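Subject: Structure for you to look at

Dear colleague,

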Amino acid sequence: MYQFGIFGNPVEHSLSPIIHAQFGKQTRLNIGYEKILTPLDGFSAAAKSFIGQGADGFNITLPFKVEAYKLANELSPQAKIAGAVNTIKVEGDKLIGENTDGVGLVQDLTRNLSITLKHKVILILGAGGATRGILLPLLQQQPKRLMIANRTAEKAVKLATDFAQYGNLCGFGLEKIKSQPVDIIINATSASVDGETPKIVPAVANGAICYDLMYGIKTPFMNWAKTNQAKLIVDGTGMLVEQAAVAFEFWTGKQPTTKMVLKKIRS
Ligand code: NDP
């Protein structure tokens with residue numbers, strides 16, 4: 001039996017146990033998957049204790065992705081570049097860190113929603129851990145331009161500098177967004193958690209695809225997108241299921257299918 005889990009604080013809301021149970025059924029693998037509410041100063045100790053109990057791997061959610069990056073003693077290229085880890089595989093003494101968030105987002109956009117990213121103008125709102133995780137997979141799709149806008153402008157500028165070698169991107173403050181529509185807006189801020197929308201010029205949403213990484217509720221950003229004539233409005237449920245599928249394959253070598261699981265989660 002495989003033993004998996006997810007560390008987070010809070011973690012009660014996590015849908016990952018349900019998703020992985022479905023993947024286990026589908027691939028006929030016997031898996032256990034538990035939610036582990038982790039004290040804010042206790043990630044490393046909790047992870048080591050889980051590993052000591054024979055864990056085969058685990059996911060990491062807010063706010064421990066950078067600590068998980070430090071805990072891993074081997075990193076995938078994607079995790080190394082992202083500087084954050086959301087999946088760890090335990091192989092003897094090896095703790096292999098991976099970041100499946102970005103690939104999950106790209107799979108959802110391109111496969112589930114049939115959106116081509118090549119030659120598109122993409123605007124990302126936010127410059128936190130999630131943005132760091134999604135930048136490389138998005139740039140690998142060769143968009144025409146990728147812009148990062150953040151409330152704290154310096155963070156967006158720094159991210160754009162850090163990733164400059166991987167594609168055409170720039171970073172600036174939210175107030176610098178032009179009144180000009182873009183193809184895709186990705187809300188990677190945590191503003192929705194506080195019931196807020198990043199304060200940006202409305203015209204940028206006109207005819208755009210608006211994607212909120214947050215899931216489970218109709219977010220203020222999604223309502224804002226509707227008011228401002230977005231073409232398509234999507235939440236992060238697809239990304240959640242797709243990133244879980246990539247993690248499941250990383251741990252077990254078996255690739256689950258996501259379509260029915262996504263349908264179940266949405267309903
Ligand atoms: P971080 O805490 O690392 O970053 C938060 C970002 O949001 C910062 O850029 C911050 O700006 C910005 N922000 C917060 N509040 C506001 C506001 N009121 N107005 C404008 N900007 C604001 O969070 P993460 O990057 O880790 O996560 C971001 C979101 O992505 C979360 O909602 C998370 O749930 C979601 N997520 C979803 C996934 C999925 O599978 N669907 C996977 C990963 C993340 P500043 O720098 O100025 O503070």
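This is a predicted model: local features need pLDDT of at least 70, side-chain atom pairs count only at pLDDT 80 or more; totals for chains, interfaces and linings use all residues.

Residues are numbered from 1 along each chain as its sequence is written, and side-chain values use heavy atoms, with hydrogens and water left out.

A polar atom in the side chain of Thr152 lies 2.5 Å from an oxygen atom of the ligand, a side-chain N or O atom of Arg151 is 2.9 Å from a ligand oxygen, and Gly129 places a backbone N or O atom 2.9 Å from an oxygen atom of the ligand. The protein buries 84% of the 940 Å² that the ligand exposes when taken alone, with accessible areas computed by the Shrake-Rupley method with a 1.4 Å probe (for residues, only the protein chains shown count as cover).

Next comes the largest nonpolar core, which has 28 residues, and of these Leu105, Ile124, Leu138, Leu146, Ile148 and Ile186 touch the most other members. A nonpolar core is a set of buried Ala, Val, Leu, Ile, Met, Phe, Trp, Tyr and Cys residues joined through side-chain atoms within 4.5 Å, and buried means under 20% relative accessible area, exposed over 50%, and partly exposed in between (1.4 Å probe, protein chains only). At least two residues of this core come from each of helix H5 (101–112), strand E7 (121–125), helix H6 (129–139), strand E8 (145–150), helix H7 (153–162), strand E10 (184–187) and strand E11 (209–212); these labels follow DSSP runs numbered from the N terminus, with helices (H or I) of at least four residues and strands (E) of at least two. Helix H6 gives the largest share of the core, 5 residues. If residues up to four places away in sequence are not counted, Ile186 touches Leu105, Ile122, Leu123, Ile124, Leu125, Ile134, Leu138, Tyr211 and Leu213, where contact means heavy atoms within 4.5 Å.

Ser16, Pro17, Ile19, His20, Gln22, Phe23, Gly24 and Thr27 are buried in H1, and what covers them includes strand E1 (2–8), strand E2 (31–37), strand E3 (57–60), helix H9 (237–252) and helix H10 (259–266). After H1 comes Arg28, whose phi is positive, near 55°.

Thr252 lies in helix H9 and is buried, with a relative accessible area of 14%. Its side chain reaches the backbone oxygen of Phe248 at 2.8 Å, and Thr252 also touches Tyr2, Phe4 and Leu29, again not counting residues up to four places away in sequence. By contrast, Gly253, in the loop between H9 and H10, is exposed, with a relative accessible area of 59%.

Some details of the backbone remain. A cis peptide bond joins Asn9 and Pro10, with omega about 5°, and Pro10 sits in the loop between E1 and H1. Another cis peptide bond joins Leu62 and Pro63, with omega about -5°, and Pro63 is in the loop between E3 and helix H3 (65–71). Ser114, in the loop between H5 and E7, has a positive phi of about 55° although it is not a glycine, and Ser114 is exposed, with a relative accessible area of 59%.

With best wishes

Methods. A polar contact is a pair of N or O atoms within 3.5 Å; within protein, one must be able to donate a hydrogen and the other to accept it, and residues adjacent in sequence count only if both atoms are side-chain atoms.
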